[in-house]
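I'd like to talk through some helix packing and some aromatic pairs, so let's get the model up.

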Amino acid sequence: MSIDSVVLKEEQKLELSRIAQSRSLPAGYVFRARLILMLAEGASFSTIKQRLGTTAPTIIRWKQRFVAAGMDGLDTSHPGQSASVLTPKLRARILSATRRQPKDGSTHWSCRKLAVALGVSKDAVHRVWKEAGVKPHRLERYMVSDDPAFETKAADIIGLYLNPPQYAAVFCVDEKTAIQALDRLDPVLPLSTGRVERHGFEYYRHGTLSLYAALETATGRVHGKTAARHTSQDFINFLKEVVALCPPRQNIHIILDNLSAHKTKLVRQFLEQNPRVSFHFTPTYSSWLNQVELWFAKIERDVIARGVFTSVTDLARKLRRYINAYSANARPIRWKYSETTRRMRSNELSATGH
């Protein structure tokens, strides 16, 4: 199949040749210039389709546009819709609607959904959200302590970090419960150039265990113990190990949260039998004041989250190996309070909950 050739003026031929040889112009514009040049040379449809990888309707469309408008016919720019005028009234209308929940049952708006509901462009909604710093797609969680003695308890714990009693030992104690020994059913594809480590989707649960940890604030060293269960008796057994780490007459201060297992009758009996041990409870919903939580986050990242464990015993072994290596090079956590213009209050201080 052939098509009548296109007659080009000399300046058109030069301009089209320049465009066709360009490596910086849009590919579509270069394609159309080559197509018109081939038509001007009398090339057949089949030749053009084969060389340019196009179709007959495309060839006809761009031939007709070039014949009708010349070089301007090859331009693909569109006038588009007129820009929305963001008046104060429209801004207020968009922001007011954003704060209301959609009627379709969804929890938040998207740009397009709100634009349709208000009869405005999505770009207008996006501009208003950006200017106002509104991000309906984002969600942050917070946790505020409702402990009436928050300041007293927080000051007591921070005082142990910044100015501990002379000759006394200070430990941050907590437990990480129900750690799963997950074994990957598919082979782990290791890290390589241009590819991150990859795990298969399926896994097998071999069981769980709990990890008790005591972080010594003076040195940063961690004493850990794994247990099959998480009971008050297991907690007492771990406390006995912590006490055994210290000289016989040394006073011991232990920072811990308000877990029920920390306040049982067995625990009270242990404190009566060990008067040199003092408990310092964090305020409610404020376990982040306990430095060992920072260490638990680290062992989660370094060992647990991406670990492959063939059994509960294997999990316990790898946890102990990490604890030993960490304690061999441990450093104390240095706390500081640099924003002196703000005070901690029970109705102001908050931390992100996970």
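Axes are lines fitted to C-alpha atoms, for helices over the stretch in contact, and the angles run from 0 to 180 degrees between N-to-C directions. Helices here are DSSP runs (H or I, at least four residues), numbered from the N terminus.

Quick caveats: this is a predicted model, so local features need pLDDT of at least 70 and side-chain atom pairs count only at pLDDT 80 or more, while totals for chains, interfaces and linings use all residues. Residues are numbered from 1 along each chain as its sequence is written, and side-chain values use heavy atoms, with hydrogens and water left out.

So, H5 (residues 88-99) and H7 (residues 122-132): their axes sit 10 Å apart at an angle of about 80°. That is why these two, H5 and H7, count as roughly perpendicular. Contact means heavy atoms within 4.5 Å; on the H5 side that gives Arg91, Ile94, Leu95 and Thr98, and on the H7 side Ala124, Val125, Val128, Trp129, Glu131 and Ala132.

Now H1 (residues 10-20) and H2 (residues 27-40). Their axes come within 8 Å and cross at roughly 135°, which means H1 is oblique to H2. The H1 residues touching H2 are Lys13, Leu16, Ser17, Ile19 and Ala20, and they meet Tyr29, Val30, Ala33, Arg34, Ile36 and Leu37 of H2.

On to the rings. How many aromatic pairs does a search of the whole structure find? It finds 6, where rings of Phe, Tyr and Trp (its six-membered ring) pair if their centres lie within 6.5 Å; planes under 30 degrees apart are stacked, over 60 edge-to-face, and the rest tilted.

One of them is Phe279 with Phe281, edge-to-face at 5.9 Å centre to centre and 90° between the planes. Phe279 is buried at 15% relative accessible area, while Phe281 is partly exposed at 23% (buried is under 20%, exposed over 50%, partly exposed in between, with a 1.4 Å probe and protein chains only).

Another is Trp295 with Tyr322, tilted, 6.5 Å between centres and 40° between planes. Trp295 is in H11 (residues 292-304) and Tyr322 in H12 (residues 312-328), so the pair ties together parts 27 residues apart in sequence. Trp295 is buried at 2%, and Tyr322 is buried at 15%. Ring pairs also link Trp295, Phe296, Tyr322 and Tyr326 into a cluster.

Terms used: Angles under 35 degrees count as roughly parallel, over 145 as roughly antiparallel, 65 to 115 as roughly perpendicular and the rest as oblique.
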